[in-house]
Amino acid sequence: MSEKNLTRFFATAAPRALEDYLRTGGYEAARKALSSMTPAAVMEEVKGANLRGRGGAGFPAGVKWGFVPKSGEGPRYLCVNADEGEPGTFKDRYLLAHDPHLLLEGIILAGYAVGIRRAFVYIRGEYEELARRLEEAVSEAASRGLLGENILGSGYSLSVCVHRGAGAYICGEETALLESLEGFRGQPRLKPPFPAAVGLFGKPTVINNVETLTNLPGIVLHGAEWFLGLGKLGDGGTRLYGVSGSVVRPGVYELRVGARLRDIIFTHAGGMLPGRILKAVIPGGMSSTILGPDEIDVAMDCESLAAAGSMMGSAGIIVIDDSVPMLTVLDRITKFYAHESCGQCTPCRVGTSWIRKVVQRMMSGERRPDDLDTLVRLAGMMKGRTFCPFGDAAAGPVLGLIEKFRSELEG
Amino acid sequence: MTAPFTEDLRGRIADIVARYPERRAALLPVLHLVQKERGFIGPEDEIAVARVCGLRPVEVREALTFYTMFRRRPAGRHVLQVCTNLSCTLRGGERILDHIRMTLGIEPGRTTPDGRITLVEVECLGACDHGPCLMIDDVLHGELTGDKVEALLREISRP
């Protein structure tokens with residue numbers, strides 16, 4: 001059975017032009033919502049669909065929207081998180097490259113549901129070409145009355161501004177994204193207040209990931225029940241699983257929420273490279289805890305992965321083979337976090353660089369008997385002691401690697 | 001000293017500023033534009049950008065030094081960004097970087113003496129399925145092999 005929903009048109013030449021998008025039912029969901037549904041009805045439908053955020057945290061999108069105050073003076077904003085920076089993640093690049101109008105339609109639906117008139121797409125700086133294409137799609141849509149003033153004659157208006165980041169992983173964290181969009185260094189804010197109450201320029205703000213938004217047209221058109229049927233109870237729809245590393249066919253595979261990790265790797269991604277044996281898998285982007293070869297029968301959904309001691313994250317699956325020393329993996333991971341820590345909170349700024357120094361020394365062959373214990377202690381000092389989840393994200397992989405591959409790392 | 005902004009550039013900057021509810025929000029896109037036009041962001045550019053965004057020059061400096069894509073010094077004619085993050089490393093990204101380092105005779109962060117190529121080692125370009133990968137200016141190249149890298153280097157080394 002085909003499980004494709006978001007990517008069913010990906011075989012056609014990229015990106016899908018507005019004409020093709022319209023011919024295959026594009027903007028029908030926007031038409032339906034704007035002409036026959038109240039904003040509250042759209043929000044209810046999305047809540048009922050249990051659409052969990054696709055960016056990493058997995059928070060239900062409809063519930064997040066519900067935190068925006070119902071009444072109140074002044075503007076409110078939608079920020080689209082297209083700052084895809086989690087190593088191992090490239091699904092939003094696919095969506096942006098193939099189907100910019102699917103995202104724009106999702107933006108209209110979210111905006112309408114929450115009463116927003118201005119949206120900003122914060123796209124990572126390296127996606128320069130994609131940002132350009134998205135801007136073209138925005139003008140194309142505006143020229144046909146699908147964006148801008150009085151969309152489809154409904155009286156609802158929405159403008160979309162594409163905004164490029166400039167190379168900082170931390171800006172994928174939602175409050176860092178807001179700071180960056182406002183022209184500051186991308187340093188996370190202390191929460192609460194949450195962005196739904198005090199966000200961009202101090203106004204109520206919804207922040208949703210690209211893939212999350214691209215699910216909205218389907219939900220509005222076919223209903224919450226349909227969406228739940230694609231996934232599993234409490235976690236609706238499909239996911240775009242990105243597979244990279246030591247597999248035959250790296251790529252994006254759209255499958256239902258709850259697909260088995262083993263099947264994704266061995267059936268869809270073609271299994272291991274010739275002559276290689278699976279040694280470990282990082283299931284949800286670099287920040288998720290590594291799984292050993294006996295743990296890959298797990299279902300890929302938020303709850304099952306949490307129960308397995310890891311997380312769904314961005315569903316970026318990194319497959320590691322038996323030729324790779326775990327010290328190399330530890331080296332790559334700690335280098336990344338030391339480089340990307342924004343420097344605001346001391347436990348993270350100092351912790352990531354100390355961890356880095358210890359690992360670099362281990363890599364040079366100069367080992368001390370208590371190295372691993374030192375790393376565990378340093379990682380433990382970051383966990384839960386920072387403004388944003390970066391501290392936990394940097395600590396988790398180190399702790400997981402040491403817990404599961406201690407004997408090799410001791411060697 | 002860098003020359004003042006041309007009228008054309010000033011016009012394009014004004015267009016960007018007009019898209020935001022507050023001027024300072026235009027800072028990143030304006031810096032991108034200035035860097036694209038001039039190759040880097042010089043001290044005088046920082047002052048000029050501060051003026052259009054309603055900021056103090058030190059606030060521009062503060063932001064610009066936070067983001068890795070902005071340069072305060074001229075780069076080579078081409079900027080080569082090589083990913084060595086985990087997914088690329090699993091496919092030989094480190095070897096690709098070594099190959100480039102040897103061929104160009106420079107370390108990451110440096111520019112070849114003829115001013116043609118600046119080499120940068122980067123963290124994740126969001127193209128892990130095409131690893132090992134690199135970007136030359138704004139174009140992504142994936143599934144790299146030694147031969148492919150040689151061909152790319154020849155192409156951008158041509159006078």
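In which helix of chain A does Met43(A) lie? Met43(A) lies in helix H3, which covers residues 39-48 of chain A; helices here are DSSP runs of H or I with at least four residues, strands are runs of E with at least two, and both are numbered from the N terminus. This is a predicted model, in which local features need pLDDT of at least 70 and side-chain atom pairs count only at pLDDT 80 or more, while totals for chains, interfaces and linings use all residues. Residues are numbered from 1 along each chain as its sequence is written, and chains are lettered from A in the order in which they are written.

Met43(A) is buried, because 22 other C-beta atoms lie within 10 Å, and a residue counts as buried at 20 or more such atoms, as exposed at 12 or fewer, and as partly exposed in between, with C-beta atoms placed from the backbone. Leaving aside residues up to four places away in sequence, Met43(A) touches Gly62(A), Trp65(A), Gly66(A) and Ala113(A), where contact means that the C-beta atoms, placed from the backbone, lie within 7 Å.

Helix H2 of chain A, residues 28-36, has the buried residues Ala29(A), Ala30(A), Ala33(A) and Leu34(A). They lie on the same side of H2(A), because they cover an arc of only 120° around the axis, the arc being that of the directions from the helix axis to the C-beta atoms. These buried residues of H2(A) pack against H3, helix H6 (100-114) and helix H10 (216-222) of chain A, whereas the face turned away from the buried side carries the exposed residues Ser35(A) and Ser36(A).

Methods: Two residues are in contact if their C-beta atoms, placed from the backbone, lie within 7 Å.
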